[in-house]
Amino acid sequence: MEDLTGARFARLLLGAFDAMAAEVRAELTRAGHPGLTVANELAMQAIDAGADSASDLGRAIGVSRQAAAKTIASLEALGYVARAADAADGRRKQLAVTDLGREAVAVGAAAFDAIYERWKATQGAERVATVVKALDALALDALALDALALDALAR
């Protein structure tokens, strides 16, 4: 294998993700969800998992509170997310994914699964499993570095 630079490695990761995202967007469009992005789908998954404010959503998907608020407003305008009064705190609005949102998430998840299965079939399940293990390890390393950085800032 040729020498791989960090920049080339990053482009490969991004290219693979972009290829998946383009297929998922196309499937969402075919299923009647035009304009919905993978980022929107990931946001709805985070909301469904308990992120019920812009701050929570921002933390869950790694964006600013302002960016999360824009995403929420967009998803709400499209009918994928609804806001309801918080029973415990009347000043607060809780987020919930609508039935339409759940339908879109299911379509996107199925598309991601189909791509993953196709890649296993074309690249070999063992080879793909090796890539997954490596990416898991890299993600854990990144979390550990983030924890160290936060610890250093707290001092």
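1. By class, the lining of the largest pocket consists of 16 nonpolar, 1 polar and 1 charged residues, where Ala, Val, Leu, Ile, Met, Phe, Trp, Tyr, Cys and Pro count as nonpolar, Asp, Glu, Lys and Arg as charged, and the others, Gly among them, as polar. This is a predicted model, in which local features need pLDDT of at least 70 and side-chain atom pairs count only at pLDDT 80 or more, while totals for chains, interfaces and linings use all residues. Residues are numbered from 1 along each chain as its sequence is written, and side-chain values use heavy atoms, with hydrogens and water left out.

2. The protein has 6 helices and 2 strands, which follow one another along the sequence as α-α-α-α-β-β-α-α; helices (H or I, at least four residues) and strands (E, at least two) are DSSP runs, numbered from the N terminus. Along its principal axes the C-alpha trace spans about 60 × 50 × 25 Å. Of the 155 residues, 24% count as buried, a term for residues under 20% relative accessible area, with exposed meaning over 50% and partly exposed in between (1.4 Å probe, protein chains only).

3. The space in the largest pocket amounts to about 760 Å³. A pocket here is an open set of points on a 1 Å grid over the protein atoms alone, where a 1.4 Å probe fits, with protein on both sides within 12 Å along at least five of seven lines; lining residues have an atom within 4 Å of a point. The volume is the space filled by probe spheres set on the points, which are joined across faces, edges and corners. Of the 18 lining residues, Leu13, Ala16, Trp119, Val131 and Leu135 are the closest to the centre of this pocket. Helices α1 (6–30), α5 and α6 (125–154) each give two or more residues to the lining, and α6 provides the largest share, 7 residues.

4. The second largest pocket has a volume of about 210 Å³, and its lining is made by Leu135 and Ala139.

5. Helix α2 (residues 38–48) and helix α5 (residues 99–123) have axes that come within 10 Å and cross at roughly 115 degrees, the axes being lines fitted to C-alpha atoms over the stretch in contact, and the angles running from 0 to 180 degrees between N-to-C directions. On the α2 side the contact (heavy atoms within 4.5 Å) is made by Val38, Glu41, Met44, Gln45 and Asp48, and on the α5 side by Gly101, Arg102, Ala104, Val105, Gly108, Ala109 and Phe112. By class, these are 6 nonpolar, 3 polar and 3 charged residues.

6. Within α2, the buried residues are Val38, Asn40, Glu41, Ala43, Met44, Ala46 and Ile47. Their cover includes α1, α3, α4 (65–77), β1 (81–85), β2 (93–97) and α5.

7. Leaving aside neighbours within four places in sequence, Asp48 is in contact with Val97 and Arg102, and its C-alpha atom is separated by 9.9 Å from that of Val105, 57 residues apart along the chain.

8. Just after α2, Gly50 takes a positive phi of about 125 degrees. Asp52 lies in the loop between α2 and α3 (54–61) and counts as buried, because its relative accessibility is 14%. With neighbours within four places in sequence left aside, Asp52 is in contact with Arg92, Lys93, Gln94 and Leu95.
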